[in-house]
Amino acid sequence: MAIQWFPGHMNKARKELSTRLKDIDVVIEMLDARLPGSSANPMIAAMTRGKPSLKILNKQDLADPAVTALWLDHYERRPGTRAIGLDAGERAPAQRLIAACRELAPGRGGLEKPLRVLICGIPNVGKSTLINSLTGRRIAKTGNEPGITKGQQRILLADDFELVDTPGMLWPKIIVEQGGYNLAASGAVGRNAMDEEEVALELIAYLMRHYPDQLGERYKIGEMNGRQDYEVMEAIGRRRGAMLGGGRVNIQKTAEIILTDFRAGQVGRLSLERPEEWVVWEKAAREA
Ligand code: G4P
């Protein structure tokens, strides 16, 4: 799937990140709990190799809790890595976040030189929301359209703990095809950069395999067994009254309905990838 990224901004962000990393003790990467593999940025992984790493699986309120548990376990098995699930509803996330970082870098940080923690994540993952909640102020802009460039900042969360925000946009390079669809389904990709019908169809196909009951229940379209994804899409369109003249279903409108519902958690708490699936998709992409 063709997605329009912004290589110029990326190069600038990469250079700034590289300078900034020199005095960083721990790197926090925020991931979307519904799609941890796709929302990870391989460039960040390459640039921060060897640094203690905290993965935050954010928006866990929208993800399948059983699958989130699998991902947390998957990351915790990596040396020098900790993982926590989080969502915007958590009142005081600072304590858990600070404790996890301190565990990752024991002996580092003190009153003279605070523990320096870099926080990064792709646009729309919820970084500004988290920073706002950590500081209790609205200092970073939250917004619906991904791609807003934000200023750089250093935030003292405790006397001996400094959070350093990453500059600019850090889009992932899309290597895994399914990853592109999942990012688009999650809302991380601007509308102009994707084909919503294609994205919604892929989403339906995945939900039919993993969450047929929730899908049937949400749209009251009965059993999924033996049906094709496009038949299910049409059934949803009919059910929701997304029609064109002559009894034809308005597929574009139907796609928008499905994507909006998914993003708002209206179909249920759903995850779009599991660790074992992601490993297979990644391997296939590398061998292609
Ligand atoms: P960014 O800085 O990483 O680009 O992301 P930002 O904080 O702007 O968040 C992007 C969208 O994700 C916002 O929604 C925000 O409310 C939502 N969000 C952030 N964290 C969570 C979470 O843990 N759970 C859920 N369900 N949503 C989360 P928006 O529609 O753009 O704006 P809003 O009107 O909802 O604030």
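**Domain contacts and two annotated residues**

Tutor: In this predicted model, 13 residues of domain 1 are in contact with 9 residues of domain 2. Domain 1 covers 7-165 and domain 2 covers 195-287.

Student: Which elements give two or more residues to the side of domain 1 that touches domain 2?

Tutor: These are helix H2 (36-39) and helix H4 (65-76). H4 gives the most, with 6 residues.

Student: What makes up that side of domain 1 by class?

Tutor: The side touching domain 2 has 7 nonpolar, 4 polar and 2 charged residues.

Student: How far apart are the centres of the two domains?

Tutor: Taken over C-alpha atoms, the centres of domain 1 and domain 2 are separated by 30 Å.

Student: Where does UniProt place the feature "binding site"?

Tutor: The unreviewed UniProt entry places this feature at residues including Asn58, Val125, Gly126 and Ser128.

Student: Why is asparagine 58 called buried?

Tutor: A residue is buried if 20 or more other C-beta atoms lie within 10 Å of its own. Asparagine 58 has 28 within 10 Å, and is therefore buried. Its place is in strand E2 (residues 53-58).

Student: Leaving aside neighbours within four places in sequence, which residues is asparagine 58 in contact with?

Tutor: Among them are Met30, Leu31, Asp32, Leu86, Val125 and Gly126. Val125 and Gly126 also belong to the "binding site" feature in the UniProt record.

Technical notes
Residues are numbered from 1 along each chain as its sequence is written. This is a predicted model: local features need pLDDT of at least 70, side-chain atom pairs count only at pLDDT 80 or more; totals for chains, interfaces and linings use all residues. Domain bounds come from an automatic or database domain assignment. Two residues are in contact if their C-beta atoms, placed from the backbone, lie within 7 Å. Helices (H or I, at least four residues) and strands (E, at least two) are DSSP runs, numbered from the N terminus. Ala, Val, Leu, Ile, Met, Phe, Trp, Tyr, Cys and Pro count as nonpolar, Asp, Glu, Lys and Arg as charged, and the others, Gly among them, as polar. UniProt positions are given in the numbering used here, feature names are shortened, and annotations may be inferred rather than shown by experiment. A residue is buried if 20 or more other C-beta atoms lie within 10 Å of its own, exposed if 12 or fewer, and partly exposed in between; C-beta atoms are placed from the backbone.
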